[in-house]
Structures are given as C-alpha cells and as structure tokens.
Amino acid sequence: MKTKAAILKAPGKDWEIEEIDLGDPISGEVQVRLAASGLCHSDHHLRTGSSPVPFWPVLGGHEGAGVVTKVGPGVTGLTEGDHVVLAFIPACGTCRPCSKGMQNLCDEGAGLITGKSIADGTARATLDGEPLLAMCLLGTFAPYVTVHQSSVIKIEKDIPLDKAALLGCGVSTGWGSATAIGGTTVGDTVVVVGVGGVGINAVQGAAAAGARHVVAIDPVEFKRTKALELGATHAYASVQDALEPVRELTWGLLADVTVITVGDIQGEDIQPALDITGKGGQVVVTGMGNYANNTVDLNLFELTLLQKRVQGAIFGGTSPRTQIPHLLNMYRSGVLKLDELVTTTYRLEDINLGYEDMLAGRNLRGVVKYTDADY
C-alpha cells in the first residue's frame, strides 16, 4: 500500500513528507493503523547525528498506538481490530534477558537502528524502491506501519489511543526510571533533572511511589510549573540552585535518588547529580547523548567513600508487556496523568513545527494525531 510519512534524508535536514510504499505483514508481523505518534527527543537525535544509523533516509517515530488492520501468518495473540501500543524496544520473550524478566534488554533490541526487520532482515517500508530505515523498527511518523509482533502490546479498548501512544517510550521510561531502576520508596527525596517528555513522568512516578520530596529541575519556567502540577513538591532552574534547598529540606541527607532525563545528556551532567545525591544514593542516567561521547566528569573519591551508584536505564528498567498494562491501570485510577501531558497536537505535515516547539520549551509533550484524511 502507499501512505505518507515523515522522512529524514540526512543529518541536519528538516523532516520531509513523502509518499512511501508499505509492505503487507509477513510471518510474525502485523499492520497497524495508527491513531497518534509522540514527538520524542530521541528522533531529534537522528537529525543532529547524535544517534548513528547505517543508511539514509530514515522513517522517524517510535511512539505509537492504533488498531491492527492486517495479521501475518504465525502471529499469536493478535487479531484484526485489536487496540495496541507499539513499544520502542521489542520483547521476543525467549532470549536470555527476556527469560530473566528483563524484556527491556531483549536481544532483538540490537537491531533497533539497523533498518533490518526482525522477521527476515529486509525493510517493509520503501521510498522510490529503496529501503527506509524505520526508527526502532517502527516508524510511527506514518499513519500505517507494518511491525513485528514482538513490538506490539495489546491493550483494552477503553483507553484513548492518542494518549496510549505515549506509553511506548516516554511515560514508561520516565516512570520506571524513578520507581523500578531508582527504587523510590515512601519518604524518599527524589531529584529529577530535566522535565521534558521523560522527566515529567519520573516526577509522576516518584510522587506515586510515596516520595516525600520530589524536586524538579529545568531551566524552562513552563516545565517547572507543569512539574509542580503533576507531583513535584519543589522546582528549581538548575542543580546549583537546588543544592542548598535540598540540603536544608533533608537535614543534610540530600537525595536518595537523582534521575537525569535531560534531552541531550553530557558527561558534565553526572557530577552535579552526584553532588545532590546523598550517601548510598543512586544517580539514574536515562537521558541520551551523542553516541561518541565517552568522557564523564566523576569524582571517584566521592563515589567510593560515600558508596554512591550511577546506573543506566532503558525503558525505565521495566518489561514492556508488564509495564504498559500496569501504567494503563494507573491511568484508569487517576494516579497517572496522560491527558495533562499533551501540550499541543499536530498534523504530520507540521512535524517540524512540533520539534521547534519542543526545542524552544513550549511543549511538555507534542503529539501527531492522525485523522481520516491521513488514511
């Protein structure tokens, strides 16, 4: 079938709307008509060149939800008409990490930015007969996608699909970074550095876990205000501004957990996070930076003697097939706020404006919503 899509043809270029060809699902795959796609910062890393890809063009997008329209042979547990969320990391269920309960580290994740489908190593989306690299094997910047069943999570039909799309990356990643990886417990002090599409959900997760103090740090006043609305108890423009107030709040103990969710993480971000973290505390590194950046500012004397930890996190350290349904129940109960996350919705043709708004700090979350005119 033919469909439109937002394509990135080279680093530094704008997203371009092109007509592409999308193949039918083969063994183990389904086709999904999407209701919405989130505009995540990770796709912007493609544009800056921070995330390497083996070839161009790239079909962007890795947060999506919609309705299954076609089912390939060998697919189990999915039928036409099912409502689904697409998880940016596949979960095959049989590799060693999946078998140990770590679906977020599924071996199939090694192919996320290769452009090679899980089913047969080819590309299901093409432009002028040439393969397109689908971001995270999804490519949700198109109203239709053909994807492997290991990336598809069936959900109940009472959830608005345009909100459910955010569970595929940002919400699950942020929430889990504070709760699963961070291990926030009742009475903790949690600092979240960077309150964008991921960080705001670390704020929500920490608050839901019972943290006494949830400190949001972001230079953008709009984001600090939204953080206070969604669970933060305090908000500051920088770690430096927050350090002494947090020290005073905690009688000198400082944070139990600090989550770094800045949009473009640098090595220089680690030490300030450690500075605001107390003895035996943990710094969770969730934000993404340039793949070639391997220099970190780190006081090893402090790390050893104060027994602090620095821990990476992907998908918040959680398994997509358990975390997404869990968070949807949180949404039903009113604990997780999804509607309030979406600042602006866009047509696919306005995707560059959406990213301009994100970079300018005008958006908490921007979402592309597809309508009948897109199908």
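A residue is called buried when its relative accessible area is under 20%. In this predicted model, helix 4 spans residues 170-181, and ten of its twelve residues are buried. The helix is therefore largely enclosed by the rest of the structure. The buried positions run from Gly170 and Val171 through Ser172, Thr173, Gly174, Trp175, Gly176, Ser177 and Ala178, with Ile181 also among them.

Several elements cover these buried residues of helix 4. The cover includes two helices, helix 5 (199-208) and helix 10 (320-333). It also includes strand 15 (255-260), strand 16, strand 17 (309-312) and strand 19 (365-369). Just after helix 4, Gly183 adopts a positive phi of about 65 degrees.

The largest nonpolar core holds 91 residues. Within this core, Leu59, Leu86, Phe141 and Ile324 touch the most other members. Strand 3 (residues 29-38) is the greatest contributor to this core, giving five residues. Apart from this core lies another, of 19 residues, including Val193, Ile217, Leu254 and Val262.

The surroundings of Leu86 were then listed, leaving aside neighbours within four places in sequence.

A disulfide is a covalent bond between the sulfur atoms of two cysteines. The cut-off applied here is a sulfur pair within 2.5 Å, and the count comes to zero disulfides. For Cys98, the closest cysteine sulfur belongs to Cys95 and lies 3.7 Å away, which is too far for a bond. Cys98 counts as buried, at 8% relative accessibility. Cys169 is likewise in no disulfide; its nearest cysteine sulfur, that of Cys40, is 4.1 Å away. Cys169 has a relative accessible area of 6%, so this residue is buried.

The surface carries a nonpolar patch of about 330 Å². Val296, Leu298, Leu300 and Val310 make this patch. Val296 sits in the loop between strand 16 (277-285) and helix 9 (300-305). Its relative accessible area is 46%, so Val296 is partly exposed.

Technical notes: Residues numbered from 1 in each chain as written. Predicted model: local features only at pLDDT ≥ 70, side-chain atom pairs only at ≥ 80, totals over all residues. Heavy atoms only, no water. Patch = residues over 30% accessible without salt bridge, like charges linked within 9 Å, V, L, I, M, F, W, Y side chains within 5 Å. Areas by Shrake-Rupley, 256 points an atom, 1.4 Å probe, with all protein chains shown as cover. Salt bridge = Lys/Arg side-chain N within 4 Å of Asp/Glu carboxyl O. Helix = DSSP H or I, 4+ residues; strand = E, 2+ residues; numbered from the N terminus. Buried < 20%, exposed > 50% of the residue type's maximum accessible area, 1.4 Å probe, protein only. Core = buried A, V, L, I, M, F, W, Y, C linked by side-chain atoms within 4.5 Å. Contact = heavy atoms within 4.5 Å.
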